[in-house]
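Here is a short briefing to read alongside the model. Please have the sequence and the 3D view open as you go.

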Amino acid sequence: MIKKRAKQLTFILIILCYLGFLTAILFEKQNNYLITGFLIIALILLFVTYKKTPLSAKNHTLEHILTISFVFFGAIITYLLHTSFGFTAVLAASVVGLVISFLPNLIKNNTLVNTIPTAVYCGAFVGMTNASIAPDYVFISLASLFTGVLLVGSKGSFNGVGGKLGTLAFGGVVLAFFITFLLS
């Protein structure tokens, strides 16, 4: 029961991130009826997604901790390449995603190894955050922690929905930004 509530909370956090982003667009473009119509359609689609998404909960504690660790790894490596070695954010995330995508081919028939590329690539999206938003590794670490928790919480959700990893990274960065903003 608690795990199902945690999954529902994760889903609600993701939806709130979407709604916050859409609300910001709405306030910025108040006089544009086309954007207002688009936002209303997006809200209806979010509601339909929430109603149609199955929420099942399974216990895999070690797998969850490792998933969060792999998100952290992907975020730190991407951020390091981006900020210290002069890679563009897209190139840094691409290199991390490309390199880690070969791992299941090197170690076959291991279910844990098959989950690593997804988590690392999700972290790569966090590591793409602009240095003006993420000034240091502490912010990236916090954002990757939130993203990892969201990734674990949304496991089994949003199947077939494109952009899941980027959306989760966006949610993690928004939560980290919000918390650091409140603490400063």
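Phe125 is partly exposed, at a relative accessible area of 29%; here buried means under 20% relative accessible area, exposed over 50%, and partly exposed in between, using a 1.4 Å probe and protein chains only. This is a predicted model, in which local features need pLDDT of at least 70 and side-chain atom pairs count only at pLDDT 80 or more, while totals for chains, interfaces and linings use all residues. Residues are numbered from 1 along each chain as its sequence is written, and side-chain values use heavy atoms, with hydrogens and water left out.

**Aromatic pairs**

- Searching the whole structure turns up three aromatic pairs; rings of Phe, Tyr and Trp (its six-membered ring) pair if their centres lie within 6.5 Å, and planes under 30 degrees apart count as stacked, over 60 as edge-to-face and the rest as tilted.
- One of them joins Tyr79 and Tyr137, whose ring centres are 5.1 Å apart with planes at 85°, so this pair is edge-to-face.
- That pair links distant parts of the chain, since Tyr79 sits in helix α3 (residues 61-84) and Tyr137 in helix α7 (residues 137-153), 58 residues apart; helices are DSSP runs of H or I with at least four residues, numbered from the N terminus.
- Tyr79 is buried, with a relative accessible area of 3%, whereas Tyr137 is partly exposed at 34%.
- Tyr121 and Phe125 have ring centres 5.0 Å apart and planes at 65°, so they too form an edge-to-face pair.
- Both Tyr121 and Phe125 belong to helix α6, four residues apart, or about one turn of the helix.
- Tyr121 counts as partly exposed because its relative accessibility is 31%.

**Pro117 in helix α6**

- Pro117 lies in helix α6, which covers residues 111-127.
- With a relative accessible area of 15%, Pro117 is buried.
- Setting aside neighbours within four places in sequence, Pro117 is in contact with Ile100, Ser101 and Pro104, where contact means heavy atoms within 4.5 Å.

**A nonpolar surface patch**

- Ile133, Phe177, Phe178, Ile179, Phe181, Leu182 and Leu183 make a nonpolar surface patch of about 730 Å².
- Patch residues have over 30% relative accessible area and no salt bridge, and nonpolar side chains (Val, Leu, Ile, Met, Phe, Trp, Tyr) are joined within 5 Å, like charges within 9 Å; a salt bridge is a side-chain nitrogen of Lys or Arg within 4 Å of a carboxyl oxygen of Asp or Glu.
- Phe181 is found in helix α8 (residues 164-183) and is exposed, with a relative accessible area of 55%.

Technical notes. Helix = DSSP H or I, 4+ residues; strand = E, 2+ residues; numbered from the N terminus. Areas by Shrake-Rupley, 256 points an atom, 1.4 Å probe, with all protein chains shown as cover.
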